[in-house]
Amino acid sequence: MAVDPKGLSYERYQGVDVLTPNKAELHQATGIAIDSDGALLEASRRVLEMSGARAVLATCGADGMVLVERSGHAPFLSHPGQVAAEVRGFLSRHTREDAA
């Protein structure tokens, strides 16, 4: 399940597959100024820790998205086709893991 988070209580998203915060929501949740790729990754990883979600798909407007997984996998995605393929792959991997 993918969820667009609201508010500051990310603990309530425990067990969600993918959270989809934007840069402003990442900043609000973590206090990290999202002014570089490194800051974006740091804030996304912190939200993973806070929420217990399996992944964060951080949306960055015209700059694309980044999918940050607990495994450390964090590709930057700038084309809609990349986003769809990466999210499908993520969900496919985790669906297989859950079934095992």
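**Briefing: helices, strands and buried residues**

Helix α2 has these buried residues: Ala 39, Leu 40, Leu 41, Ala 43, Ser 44, Val 47, Leu 48 and Ser 51. Buried means under 20% relative accessible area, exposed means over 50%, and partly exposed lies in between (1.4 Å probe, protein chains only). The model is predicted, so local features need pLDDT of at least 70 and side-chain atom pairs count only at pLDDT 80 or more, while totals for chains, interfaces and linings use all residues. Residues are numbered from 1 along each chain as its sequence is written, and side-chain values use heavy atoms, leaving out hydrogens and water. Helices (H or I, at least four residues) and strands (E, at least two) are DSSP runs, numbered from the N terminus.

**Helix α2**

- Its 15 residues should span 21 Å at 1.5 Å a residue, and the end C-alpha atoms of α2 are 21 Å apart, which agrees. The expected span is 1.5 Å times one less than the number of residues.
- Ser 44 sits in α2. Its relative accessibility is 0%, so Ser 44 counts as buried.
- Beyond its neighbours within four places in sequence, Ser 44 is in contact (heavy atoms within 4.5 Å) with Leu 26, Val 56, Ala 58 and Val 68.

**Helix α1**

- Helix α1 covers residues 23–30, and its buried residues are Glu 25, Leu 26, Ala 29 and Thr 30. They cover an arc of only 110 degrees around the axis, so they lie on the same side of α1. The arc is taken from the directions that run from the helix axis to the C-beta atoms.
- These buried residues pack against α2 (37–51) and β3 (55–59).
- Asn 22 caps the N-terminal end of α1, with a side-chain oxygen 3.0 Å from the backbone nitrogen of Ala 24. A polar contact is a pair of N or O atoms within 3.5 Å; within protein, one must be able to donate a hydrogen and the other to accept it, and residues adjacent in sequence count only if both atoms are side-chain atoms.
- Just after α1, Gly 31 has a positive phi of about 80 degrees.

**The loop between the helices**

- Ile 34 lies in the loop between α1 and α2. At 19% relative accessibility, Ile 34 counts as buried.
- Setting aside neighbours within four places in sequence, Ile 34 touches Lys 23, Leu 26, His 27, Ala 39, Leu 40 and Ala 43.
- Ile 34 and Cys 60 are 26 residues apart in sequence, and their C-alpha atoms are 9.9 Å apart.

**Strands**

- Four of the five residues of β3 are buried, so the strand is largely enclosed by the rest of the structure.
- Strand β2 (residues 18–19) pairs with β3 in the parallel sense over two bridges. Two strands pair if DSSP finds at least two bridges between them.
- Leu 19 has Val 56 in β3 as its bridge partner.
- Strand β4 (residues 65–69) pairs with β3 in the antiparallel sense over five bridges. Ala 58 stands opposite Val 66 in β4.

**Aromatic pair**

- Rings of Phe, Tyr and Trp (its six-membered ring) pair if their centres lie within 6.5 Å; planes under 30 degrees apart are stacked, over 60 edge-to-face, and the rest tilted. By this rule there is one aromatic pair. The rings of Tyr 10 and Tyr 13 have centres 5.7 Å apart and planes at 75 degrees, so the pair is edge-to-face.
- Tyr 10 is buried at a relative accessible area of 1%, and Tyr 13 is buried at 9%.
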